[in-house]
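Work through the exercises below with the structure at hand. Try each task before reading its solution.

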Amino acid sequence: MSLQTLQFGIEAIERGSIAEGVRLIKIALDSPDLPSNLRAIAHLWLAETQDDPNYKRKCYSDALNADPQCEEASKRLSALLTVALPPAPDFTPTDSQPLPPAPPT
């Protein structure tokens, strides 16, 4: 039954009924008999229902918690976290600019 509910939720999202799709996917996730790989897929679908990066991060993390082998969740979480990185410092040593001292060991 939980697999069918998940499928109905995904279909609802694909039709544009986001709220109904989210509701059905959450019902499927409440079912203890939903396998871990499908649980991860459910979280991936939930992530795509909102643009909020914090919500997506939580959904991707939940997907990895459900199925640590889920490569798609890992890729998406990694890409999301990479986008949030600050830019690298612009430091190019020149002859007139000495390198900073090495930290003490």
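**Exercise 1.** Which exposed residues sit on the face of helix α2 turned away from its buried side? Then work out how the buried residues are arranged.

*Solution.* This is a predicted model.

Step 1. The face of α2 turned away from the buried side carries the exposed residues Ala 19 and Asp 30.

Step 2. List the buried residues of α2: Gly 21, Val 22, Leu 24, Ile 25, Ala 28 and Leu 29. To count as buried, a residue must have under 20% relative accessible area.

Step 3. Look down the axis of α2. The buried residues fall within an arc of 165°, so they line one face of the helix.

Step 4. Find their partners. The buried residues of α2 pack against α1 (2–15) and against α3.

**Exercise 2.** What distance does α2 reach from its first C-alpha to its last, and what is expected?

*Solution.* Step 1. Helix α2 covers residues 18–30, which gives 13 residues.

Step 2. At 1.5 Å a residue, 18 Å is expected.

Step 3. The model shows a reach of 18 Å, close to that expectation.

**Exercise 3.** Classify Ile 27 as buried, partly exposed or exposed. Then place Ile 27 relative to Leu 6.

*Solution.* Step 1. Ile 27 belongs to helix α2.

Step 2. Its relative accessibility is 41%. Buried needs under 20% and exposed needs over 50%. Ile 27 therefore counts as partly exposed.

Step 3. In sequence, Ile 27 and Leu 6 are 21 residues apart. In space, their C-alpha atoms are 8.0 Å apart.

**Exercise 4.** How are α3 and α4 oriented, roughly parallel or roughly antiparallel? Describe their contact.

*Solution.* Step 1. Take the axes of α3 (residues 36–47) and α4 (residues 53–66). They come within 8 Å and cross at roughly 175°.

Step 2. That angle makes α3 roughly antiparallel to α4, because angles over 145 degrees count as such.

Step 3. Name the contact residues. From α3 come Ser 36, Arg 39, Ala 40, His 43, Leu 44, Leu 46 and Ala 47. From α4 come Tyr 55, Lys 56, Cys 59, Tyr 60, Asp 62, Ala 63 and Ala 66.

Step 4. Sort them by class. The contact of α3 with α4 has nine nonpolar, two polar and three charged residues.

**Exercise 5.** What is the secondary structure of the whole protein, and what percentage of its residues is buried?

*Solution.* Step 1. Count the elements: five helices and zero strands. From the N terminus on, they run α-α-α-α-α.

Step 2. Of the 105 residues, 33% are buried.

Step 3. Take contacts between residues at least 6 apart in sequence. Among these, 35% join residues at least 24 apart.

Notes: Residues numbered from 1 in each chain as written. Predicted model: local features only at pLDDT ≥ 70, side-chain atom pairs only at ≥ 80, totals over all residues. Heavy atoms only, no water. Axes fitted to C-alpha atoms, helices over the stretch in contact; angles between N-to-C directions. Helix = DSSP H or I, 4+ residues; strand = E, 2+ residues; numbered from the N terminus. Parallel < 35°, antiparallel > 145°, perpendicular 65-115°, else oblique. Contact = heavy atoms within 4.5 Å. Nonpolar A, V, L, I, M, F, W, Y, C, P; charged D, E, K, R; others polar. Expected span 1.5 Å × (residues − 1). Buried < 20%, exposed > 50% of the residue type's maximum accessible area, 1.4 Å probe, protein only. Arc of directions from axis to C-beta.
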